[in-house]
Amino acid sequence: KNEARNNERIDKSDEFGGRFRFIYLPTDNLKMDITLNYEYADQGGYPYQLVSIPQDDPFYNDLKGDIGRLAYNNECGYKRNLLNGGLNIEHQAENFILSSVTGFQWLDDQMNLDQDFTRKDIYTMMQKQNSKTISQEFVIKSKPGRNWQWTTGVSGFYQWLDTEAPVTFRADGLSWLNDMANANANKYMPEISMGPMSMKLIFSDIINGEILEVPGSFKTPILNTAIFHQSTFNNLFGIDGLSFTAGLRMDYENLKLNYNSGCEYTHTYSLTGKPQLNMPGKNGRAGMPNSISMVPETTFNQKTDYNGELSHEYIQLLPKFAVQYDFNRNNNIYATVSKGYRSGGYNIQMFSDILQNDIRSNNMSDVAQTTIAALDKMPPGVVDEATLDKIIGMMNGMAQKTEVNIKNTTLYKPESSWNFEFGSHMTMFDGRLQTDVAAFYMNTHDQQISQFAQSGLGRITVNAG
């Protein structure tokens, strides 16, 4: 039960589906097998609760009472439509078996997340996917019971995947972003000394509105083709029960990312000075204004977006070798060596972080230009040259925009591994005891692991060191 939503149950689930299968045997050696499967799911989610919160967290006082409780304010859940279809045709010739497998999948789903999983209205995410996949494989293989067993085939698939993934900063989230930016800037704001008087500069830059939506639209099509062959030689060198297997698969994959992400917003900036009289025995505020406007409130319009396309392709050779000795029908010993492969991809979640960094640098660029222009108009002597240079240098430094390499930021590489296995299947004591023993060794390169983005807002896939 979610305490922040009137104790509503969050793990409700409604599902239904249906399956159809049709098998047709036009001749003794020809078989056609058609399958169709549909599923619909509407699931609630998710049972995440606060387990701890640092005392320096800006929401500590608001949320410390929720530790150990399930309480978040925005609705979460997952809906999915999934359709799978397949056609399998098999022809049994005198010396071989020829088969064709055709598949189709259609997926339409939507996930809604209260990304902070607290009763504060910080930020939410919606991810909506539409995927269509067509696959085809042709395989020709020898009939069983012969000393040379072989399999040869070609396969391929194409997947269209469109993803909508907007992130929305809500009221508490915007307040958090604004407070964090202003606190960081004010930490470095200098104090101006003017004879017996000093003045502390107060920086204020506020993103306007109740929400800030960061939309994202992505197309990530995948093309994969492969050709493969495997041969097993039984009774090798005339030794009954000794077999050797060798295989090779060549895999080609092409990945694309078409991205369109950005946002529009306004922000309001002002710089004020808080004067103080520095004279012993005197009231430091007596007869002085509470504040002096250095830069009056100014509102700016900002727009940031990313549009473009990336494309990468890979070719992998995946060999396999195995040797096996059968003592009899139920006892053997074997060893295998093979190379495995997992394709790479793109972290579309990173665009949210990229845009957040752009928002900060764009805002500071507006701030720097306005502040420097205002300081240039001040009468000589009001601010000494050293302080003036310090303020201008700080403003220019905060306005620096880091150039983003979309490829390096979003792409993760394929993972590959060499896999070694040694083992035995044994049946003993007239079949009363069956034993399997195996030892494995895997050497993995560029392993794909899941971790939080540097901002803490979202999860990404990266390649391990």
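1. Asp-172 is partly exposed, since its relative accessible area is 22%. In this predicted model, the side chain of Asp-172 meets that of Lys-120 in a salt bridge, with 3.9 Å from N to O.

2. How many salt bridges does the structure hold? The count is 13. One of them joins the side chains of Glu-3 and Arg-69 at 2.5 Å, N to O. This pair links distant parts of the chain, 66 residues apart: Glu-3 is in the segment before strand E1 (13–27), and Arg-69 is in the loop between helix H1 (60–63) and strand E3 (77–92). Glu-3 counts as partly exposed at 34% relative accessibility, and Arg-69 counts as partly exposed at 34% as well.

3. A further salt bridge is formed by the side chains of Arg-249 and Asp-251, at 2.8 Å from N to O. Elsewhere, salt bridges with shared partners join Glu-3, Asp-66, Arg-69 and Arg-119 into one network.

4. The structure holds one cavity of 30 Å³ or more. The volume of the largest cavity is about 30 Å³. Which residues line the largest cavity? They are Gln-49, Leu-50, Leu-63, Asp-66, Arg-69, Ala-71, Phe-117, Thr-118 and Arg-119. By class, this lining has four nonpolar, two polar and three charged residues. Asp-66, Arg-69 and Arg-119 belong to the lining and also to the salt-bridge network with Glu-3.

5. Phe-117, one of the residues lining the largest cavity, also belongs to an aromatic cluster with Tyr-46, Tyr-48 and Tyr-72. The count of aromatic pairs comes to 15. Phe-218 and Phe-351 form a tilted pair, with 5.1 Å centre to centre and 40° between the planes. Phe-218 belongs to strand E11 (residues 216–219) and Phe-351 to helix H3, so this pair ties together parts that are 133 residues apart in sequence. Phe-218 and Phe-351 are both buried.

6. Phe-351 also pairs with Tyr-259: the ring centres are 5.1 Å apart and the planes are at 35°, so the pair is tilted. Here too distant parts of the chain are linked, with Tyr-259 in strand E13 (residues 242–277) and Phe-351 in helix H3, 92 residues apart. Tyr-259 counts as buried because its relative accessibility is 9%. Phe-351 is likewise buried, with a relative accessible area of 1%.

7. The elements giving two or more residues to its lining are helix H2 (171–187), strand E9 (197–207), helix H3 (350–376), helix H4 (385–398), helix H5 (406–410), strand E17 (411–412) and strand E21 (459–463). Which element provides the largest share of the lining? That element is H3, with 11 residues. In total 43 residues line the pocket, and Asp-353, Gln-356, Asn-357, Asp-358 and Arg-360 lie nearest its centre. By class, the lining has 20 nonpolar, 17 polar and six charged residues.

Note on methods: Residues are numbered from 1 along each chain as its sequence is written. This is a predicted model: local features need pLDDT of at least 70, side-chain atom pairs count only at pLDDT 80 or more; totals for chains, interfaces and linings use all residues. Side-chain values use heavy atoms; hydrogens and water are left out. On a 1 Å grid over the protein atoms alone, a cavity is a set of points where a 1.4 Å probe fits but cannot get out, and a pocket is an open set with protein on both sides within 12 Å along at least five of seven lines; lining residues have an atom within 4 Å of a point. Helices (H or I, at least four residues) and strands (E, at least two) are DSSP runs, numbered from the N terminus. Ala, Val, Leu, Ile, Met, Phe, Trp, Tyr, Cys and Pro count as nonpolar, Asp, Glu, Lys and Arg as charged, and the others, Gly among them, as polar. Grid points are joined across faces, edges and corners, and a volume is the space filled by probe spheres set on the points. Rings of Phe, Tyr and Trp (its six-membered ring) pair if their centres lie within 6.5 Å; planes under 30 degrees apart count as stacked, over 60 as edge-to-face and the rest as tilted. Buried means under 20% relative accessible area, exposed over 50%, partly exposed in between (1.4 Å probe, protein chains only). A salt bridge is a side-chain nitrogen of Lys or Arg within 4 Å of a carboxyl oxygen of Asp or Glu.
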